[in-house]
Amino acid sequence: MKKIITHINNKFLKIDLQFLIKNSFYNISAYIISIACTLAVTYIIANNINEHETGVYRYIFSWYGVLGSLMLSGITSALTISIAKGFNSLKRAFIYKGWFSLIGVFTSLGIGAYYFANGNSELFWGFTILAVSMPILELSGLYTSFLQGREDFKSSSKFLIVNKVASLVCIVFFVFALKLTNSYILLFSNITIIGIIQLLYIYSLHKKLEDTSTQPTIDKELLKNSIHYSLMGIVFALGTQADKLILFQFFGSAALASYWIATTIPTEAQRFISQISNIYLPRFVHTDIGNRAFKKKFTYILLASTFAMTILTAVYYFSAPLIFSYLFPKYMEAISLSRLFFAVVILTPVSIVWYIFLAQEHLGKNYLYHIGDPVIQILLYILFVYTFKLGILGIVIAVLAKNFIVGAIGVYLLLTHKEKLKAV
């Protein structure tokens, strides 16, 4: 089998298997643990907390995705690229991130004050907790970008494991030991405490994780690139979280809870598969994507991976009823939505195109993606949810249609790209 895989790779794909296997081992191991912990947390919430509290929790958590985009979110990608180039950028990234985090803090407090003025204490406390917690998580999350830039996937995998295991332990403690199931308690255990644990873990590894980049000079492009990527991310984040916000506002907390349960497994599968892009992001910095041989190899990889994802989707289609009967028996009506949403996994391989443009710092194409993606998504929501009145089904169809359209645009842009690699 090893010889067959090597022969196919040497003839068609020409992937650096040694690099991929070495680093995939850590990432795959970490994500197996991550998925197990995520499913365990989802199982506990789905079976021990009512639909209303679950929906409110996911609604506030969705706002974290939107508000996080205001907190110089693009610095994560900019830092990875900067470290991959050999610059010493970690401390400066912490300073930039810290100041910009204040924007998210005050915005969250403002939203909380709005709900308090309208007599909704539940959402007031939720957004207050979010305001306190976001800077902690945002700052600690920079280490992941730093480690990926150094291609230290072993340490980044350990960091992910600590995060997910801590999340599971916190949920178990609050739900079963303290019998607390309010939405803001879930936020406190899943955001505040997790952020503190991550910072403590980072502090314990401070010497080991010291920035040893080969160029002690300052990356003068770090802030500029971070702002560019962040501006792209603001509209993108709104498009990413729009489905949850729409469901909560127009269909209620119970509908959002059902949608979350239906999409949990497909989303985790998609994240797991997309890790291959994160592994290769530092390598894409130095890749000539205008080369004909690269485009040919990319086409083979795309076809092979899409075929594999199609088989995986078929497997999930038939196994979904059994999975739900064990994990989410209260949400059996969500099986059909989950089956349909899993088709997004088939389109996951094309997302690597946009990672390539990101690594190559093609600002024009990145602006196209980060603005075009959410605009297309929101237009499709209007079409399927408002015009055709398909409700939650319309949300799922819109997500699938958007992924297909954006993926096709990305592949076309890559295959027609002629610019040579810029000197670093």
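Predicted model: local features only at pLDDT ≥ 70, side-chain atom pairs only at ≥ 80, totals over all residues.
Number residues from 1 along each chain as its sequence is written. Local features need pLDDT of at least 70, side-chain atom pairs count only at pLDDT 80 or more, totals for chains, interfaces and linings use all residues, and side-chain values use heavy atoms, without hydrogens or water.

**The cores**

Select Y59, I60, F127, L130 and Y259. These touch the most other members of the largest nonpolar core, which has 66 residues. Such a core is a set of buried Ala, Val, Leu, Ile, Met, Phe, Trp, Tyr and Cys residues joined through side-chain atoms within 4.5 Å. Buried means under 20% relative accessible area, exposed over 50%, partly exposed in between (1.4 Å probe, protein chains only).

Now colour helix 11, residues 253-284. It gives this core its largest share, 10 residues. Helices are DSSP runs (H or I, at least four residues), numbered from the N terminus.

**The salt bridges**

The whole structure holds 6 salt bridges. Each is a side-chain nitrogen of Lys or Arg within 4 Å of a carboxyl oxygen of Asp or Glu.

Pick K97 and E138. Their side chains pair at 2.7 Å, N to O. K97 sits in helix 5 and E138 in helix 6, 41 residues apart. Both are buried.

Next, show R271 and E268. Their closest N and O atoms are 3.2 Å apart in a salt bridge. Both belong to helix 11, about one turn apart. R271 is partly exposed at 45%, whereas E268 is buried at 7%.

Definitions and conventions: Helix = DSSP H or I, 4+ residues; strand = E, 2+ residues; numbered from the N terminus.
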